[in-house]
Amino acid sequence: MTKSSLKKLRVFLYVLLSVLAAMALRQAAYRTDGVLDRISDIIRPGIYLVLFLVWGISIHRRIIQIQVRRYLIVISALIIFWIAVRTIRYSLEKGVWLIRFLWHLYYVPLLMIPLLAVFIALSLGKGENFRLPKWTALLYIPTVLLLMLVLTNDLHQIVFIFPADAVVWMDDYNYGIGYFLVVVWMMLCSVTALVIMLIKCRIPHSRKVLILPFLPVILAMIYGTLWILDSFGIVQLLWLRMLAGDITIVYCLLFSAALESCIQCGLIQSNTGYDELFPVSRLGAQITDAENNVCLASLNAVTLTEEQRRKAGDEAILADKNTLVRSQPIGFGHVLWQEDVSELTEAIDQIEDNCSELAERNRIRRKNLEMKKRILALQEKNRVNDLLQSETERQMDLIERILENYETETDGSRCGRLLAGAAVIGAYIKRYGNLLLIRERSSSADIRDLSRCFEESFMNLELLGVNCLYTLPSGVLLATSDMLRVYRSFETMTESCLYDLTNVWIHLRNDAGSYLLHMEFVCETDLTQFAQTADFFSAEDKGMYRFSFRMRKGGV
């Protein structure tokens, strides 16, 4: 006999002895009065309460599927509730209405347990996150209706019929049509649950699976039938009431026995039987306890020293060249499993050989790439410098002529104006170069880049006594090509009237999906010659000229 079989046998004997002890206490209570009777009334329900509490805890530990586990735990709680209500009912000596209401509460677990068994059967074989389909909620309707029918029996007497001349309704009753509806619904749910479990069974052609779960159900049907026949006086079964007169305990034991039989037969999958399966598996694994002692090991697991098992708890280790051992903590210790890494080892050796061969090639290739990168960077730098030089060649020549005039000029005020003019042109070269670099990176830019261009040019124009003002909004994206065009046109007009310019005003406004930038100059030089450079041009008296440029929004 295997270790797990011995364990199951021990558990069965413990349960059997507990039930026999409770039955003995019941028989002793029948035959005696006084202290022993009261002690029996306390100990006997306590035995069953502890028994079903332990069963519920074992359900929580054994059942894997979350939804099935929850339903089974609810069933164990209903059984405990049933026994508790029964105990309270028989401990009361007064309060007939309360006693009868507690008696009616028996039907909460009587109706709910078979229904939950159906839900358990429907949940078998599903994933952990499975939820029952919405249509199953309809099964609550007849269950709740029948339960309400029982709880309100005093109003209609459809379930239990009491004599019309009875002063107090207690045990002198008969069964109505509602009672038989309750019994039919209970049996229908129970049989349905078993049939669904058998259909989903993963252990076909097993006589044990086909017979064992039905035995408690058949016994429950026989017991209920005999109890009804005895209640109607059709037959006299004093032995039944003597041996199994506590109908609550009998049904609690039969219900739990039916569900436990399903677990033991495999109809309800449980987390048991691993101590026999683990050694014969091909996992190549070991299970250790908290003290690093081996509890279970498969036949093909490599032998590890205590030091190796300890190190494996921190990181993966090599038991030999071709075997890698990993570890993972579990509830009471660690599980260690081995992985065959022979192919990986061969691949690593081959890779190391290839790496030594490719290392020199990669070094030479890297040097070539670095050289090529430097060459491309220098070429790009030269290209941008050439572009800037070609774009600002006229301004550089103009600065050179201004400086030549400065060297020959003797008038101090005239020298200051020449230097201020050179500063204006120098600021343009600097800022125009920045715009060129921006255009190389992106086709659009923030208007702040254009604002900085006008700001620096205006700072130097003010040295010549020019009144300057620009009003440009923030948070606007413009095409960089339009920004270059506008700033280039501004410089061309400024250079033509550099020493007679008195006022300049630049502002921007939104215009039908684009922007219009206006430049207004007040000077003595005739600027009509530059009218074609702008999109719109107008001139007024007293030397006022207005140039308007349409600018696209950034990204367009």
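Tutor: Let's begin with helix α18 (residues 447-461) and helix α19 (residues 480-496), which pack at an angle of about 10° with their axes 10 Å apart. Here helices are DSSP runs of H or I with at least four residues, strands are runs of E with at least two, and both are numbered from the N terminus. An axis is a line fitted to C-alpha atoms, for helices over the stretch in contact, and the angle between N-to-C directions runs from 0 to 180 degrees. That angle makes α18 roughly parallel to α19. Angles under 35 degrees count as roughly parallel, over 145 as roughly antiparallel, 65 to 115 as roughly perpendicular, and the rest as oblique. The crossing of α18 and α19 is right-handed. A crossing is called right-handed if the near helix is turned clockwise from the far one by less than a right angle, and left-handed if anticlockwise.

Before going further, please keep in mind that this is a predicted model: local features need pLDDT of at least 70, side-chain atom pairs count only at pLDDT 80 or more, and totals for chains, interfaces and linings use all residues. Residues are numbered from 1 along each chain as its sequence is written, and side-chain values use heavy atoms, with hydrogens and water left out.

Which residues of α18 and α19 meet? From α18 come D449, L450, C453, F454, S457, F458 and L461, and from α19 come M483, V486, Y487, F490 and T494. Contact means heavy atoms within 4.5 Å. Sorted by class, this contact has 9 nonpolar, 2 polar and 1 charged residues. In this sorting Ala, Val, Leu, Ile, Met, Phe, Trp, Tyr, Cys and Pro are nonpolar, Asp, Glu, Lys and Arg are charged, and the others, Gly among them, are polar.

Now compare a pair elsewhere in the chain. The axes of helix α5 (residues 107-123) and helix α6 (residues 140-151) come within 10 Å and cross at roughly 170°. This makes α5 roughly antiparallel to α6. On the α5 side the contact is made by Y107, V108, L111, M112, L115 and F119, and on the α6 side by Y140, T143, L146, L147 and V150. The classes here are 10 nonpolar, 1 polar and no charged residues.

Helix α6 has another partner as well. Its axis and that of helix α8 (residues 177-199) come within 10 Å and cross at roughly 145°, and this crossing is left-handed. P142, T143, L146, L149 and V150 in α6 meet G178, L181, V182 and W185 in α8. That contact holds 7 nonpolar, 2 polar and no charged residues.

Q157 and G178 are 21 residues apart in sequence, and their C-alpha atoms are 8.6 Å apart in space. Q157 lies in the loop between α7 (153-156) and β1 (160-161). Although Q157 is not a glycine, it has a positive phi of about 55°. With a relative accessible area of 22%, Q157 is partly exposed; buried means under 20%, exposed over 50%, and partly exposed in between, with a 1.4 Å probe and protein chains only.

Two residues further along the chain can be read with those words too. K553 lies in the segment after β14 (544-551) and, at 30% relative accessibility, is partly exposed. Its C-alpha atom is separated by 8.1 Å from that of S444, 109 residues apart along the chain. S548, in strand β14, is buried, with a relative accessible area of 6%. Not counting residues up to four places away in sequence, S548 touches L517, H518, A534, D535 and F536.

Finally, the whole protein. There are 19 helices and 14 strands, and buried residues make up 41% of the 556 residues. Among contacts with a separation of 6 or more, 61% are between residues 24 or more positions apart.
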